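Please view the structure before reading on.

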Amino acid sequence: MKRFASLFLRAAMALAFVLGPGASPALAGPVYHVAIDTGSLSGQGGYLDFLLMGLDNAAPVQATISNVAGRFDGASFTVGAAAGSVASGVTLDNSSGWTEFGQWAQFGGVFSFDIGFDTGAGFADGIGAGTSLSVALLDASLNYLGTAGDVATFSLQPGQDDVVVIGAGFASVEANAVPEPSTAWLGAAGLLLLTGMARRRTLR
Amino acid sequence: MTIRPKQTVLRLALAAAGLGAGLAPAQAAAAAYYVAPNGDDSAAGTVAAPWKSFAKAQAVAVAGDTVYFRGGAYVYHGGLNACASMTDTVNVVTLNKSGQAGKPIRYWAYPGETPVFDFSQMKDNCRVKGFNVTGSWIHLKGLEITGAPQQPGNLLNNESWGVWNSGSNNIYEFLNTHHHMGPGLFISNGSNNLVLNVDSHHNFDPYSKSGPGQNADGFGVHAGANRPGNVIRGCRAWANTDDGYDTINAGSVVVIENSWAWRHGYYPDTTTSIPAGNGNGFKIGGFGGDWEANAPQHVTRNNVAFNNKANGFYANHHPVASYFYNNTSVGNRADFNMLGVDETGVAKNLGILRNNLAYTGTLVSNIEGADAANNSWQLPVTLNSSDFQSTATTGWDAPRLPDGSLPPLPMFHLRAGSDLLDKGVDVGLPYQGAAPDLGAFEGTTPLPLYTDLTASMKVTQSGLVLDRASGQTRGTVAFTNMSSATVSGILMFRLDGLTSGVALVNASGSEGGAPTISVPAASLAPGATVTVTTLFSNPARAGIGYTPKFFSGRL
């Protein structure tokens, strides 16, 4: 289990948004780079699956999955408020309670992607219930493939740091305090703050 | 496992929750509409664009439909009609559109919210019927109704009414009707009406011509002959200036069961007698002292009356013997008073009494000659406080359970070893052991007295993860004691309003339809946190919601 200093980063980003032009309520935390080595599943097909779930009173969260690399073919599916593709990037938000995206893949190699989370105003203040994003390798019947559980779970709790649980030895996760492209316009004060935060970033 | 398209899943979830107007063809015959205090009658009546008025909802809704009222105040400043004279009656919410058998029109509170219908601002200078229900097959649920007024200076009338019914086959459920200048709920006519889990309290008619306070009952059922099937069940009446339950002039059998009455006949929230207020807990029958042919034998069972100014259970000059089974009466001027009347108008004690329990106060009055057996005052038993799990007479107005049922309180439940156990006789009611116990509550199962401490807790609900092996969804809830006092006792977490179709797999019990989990801690110091795991079964993949409640119980 890893606990990332995302709350502090989000608070800093919030301040950056406030100081920057065209302030937005959405707050971005760190971008997590995830790599999944599926060598032990060589020759098998299955879904690379992302499931975002929270209670009805969960604080708003949108997950963006980008820079997806791996050997994909076949169909994808969505449940709830999920959209996009592995080529263009996938977004999932927790407005529908159960939000899921799965993409059929041929396992055996390394799959990688970046995950970022945008949270609403008040998240840093601890308002609302939490949300979890689970990453799993699944067979055609949506049962676990080669594992007994999810390969990684990201737990976002308002007012608390993110917690990442890596399971089954498939995945590695790194956190990069890189602002998303949409935040590139941030004002100078915000950028200064981010620089300061980046220096402080550590895996606890 | 089949992947459902997004819209199908949402529809299933909404259907399971009983929400969502006209989303799926299967629901077209039973639409759901919405009303809100800040709504607009020109809107669509959806949850996003609710109507404003009850009248609009009634105009559109048909048999089988449900109208949900969002929480907040619906304040009325005048009736539908004007007072033609100072002795006229104005109606405020008239429900004259009927549903059908098996397809009632439902006017329900939106889940988890309390709509309050407030008539106290009205200045109409005559009598007022807050809710005037003349239609049939109508179901009111979860509404708070208050303030049906009389006007100072107008002493030409008797009471106004909070809810007035003349229809049949109606259900009044989980209502809180209070602070009216007249009865909280009044069944004037009709048959087969069910009054279920309703609270009626603090009703006081200060401007009645018959005397201040003489007409404000908690509940009145006064339908005439050939109006069978009216039932009051699971109700509470307290602090009303007249009687708790009054069936005077009822020409058909009225059943009152599993209901409570206390502190009647006083100025509300005092022990100062209001002279004109009768002050009976249960006033069962009577025709103003007259003998009536074909008078009904009312049924009054498993009720509790305490600390009423007059009688706990009173026959009120009824011409025939009504049934009084397994009632508990404590601290009333007479706990059981069976004053009846014979054909000649002469007083005669009438009643069929079995398994009743009278404790403190004047136990019985006008009992000689009544058909009484196996009651506490007739048996070689000794009553004292050790017979009961509690003898407290406060706390009876505790919040109801999530489904509206009465709170499980220990008061006047028998304790193991009591000599009141198994001393009754079989009267057709369920019982445990060799014979029925005496009083309203069967058995000796210890009941903790729970206190809701949710407000003292910081509640942190995690996100949810799916265990695909079990199909269960897992989350955690952390309770942090934010008070300065240690919380101890039997700690319990209750999930109120859990989404329909979702089950809590690891529930350790339930209360009022809500699952509970025993909190794995004996105490919680200030600032301490206890975390509870929740496991849900959610086959429809609905969004999961509930209101967390934290209780501490003591035996």
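This is a predicted model: local features need pLDDT of at least 70, side-chain atom pairs count only at pLDDT 80 or more; totals for chains, interfaces and linings use all residues.

## Paired strands in chain B

The two residues belong to a pairing within chain B: strand S25, residues 311-314, and strand S28, residues 334-337, run in the parallel sense and are joined over three bridges.

S28(B) also pairs with strand S33 of chain B, which covers residues 364-365. This second pairing is likewise parallel and involves two bridges. Within it, Phe336(B) has Val364(B) of S33(B) as its bridge partner.

## Contact between the chains

Chain A contributes 29 residues to the contact, and chain B contributes 20. On the side of chain B that touches chain A, at least two residues come from each of helix H1 (6-17), strand S36 (457-461) and strand S37 (465-467). H1(B) gives the most to this side, namely three residues.

Sorted by class, the side of chain B that touches chain A comprises ten nonpolar, seven polar and three charged residues.

## Confidence in chain A

Chain A has a mean pLDDT of 77, with 72% of its residues at 70 or more. Residues 7-27 of chain A have a pLDDT below 50, and this stretch makes 49 contacts in the model beyond near neighbours in sequence.

In residues 178-204 of chain A, pLDDT also stays under 50. For this stretch the model has 41 contacts beyond four places in sequence.

Definitions and conventions
Residues are numbered from 1 along each chain as its sequence is written. Chains are lettered from A and ligands numbered from 1 in the order in which they are written. Two strands pair if DSSP finds at least two bridges between them. Helices (H or I, at least four residues) and strands (E, at least two) are DSSP runs, numbered from the N terminus. pLDDT is the predictor's confidence in each residue, from 0 to 100. Two residues are in contact if their C-beta atoms, placed from the backbone, lie within 7 Å. Ala, Val, Leu, Ile, Met, Phe, Trp, Tyr, Cys and Pro count as nonpolar, Asp, Glu, Lys and Arg as charged, and the others, Gly among them, as polar.
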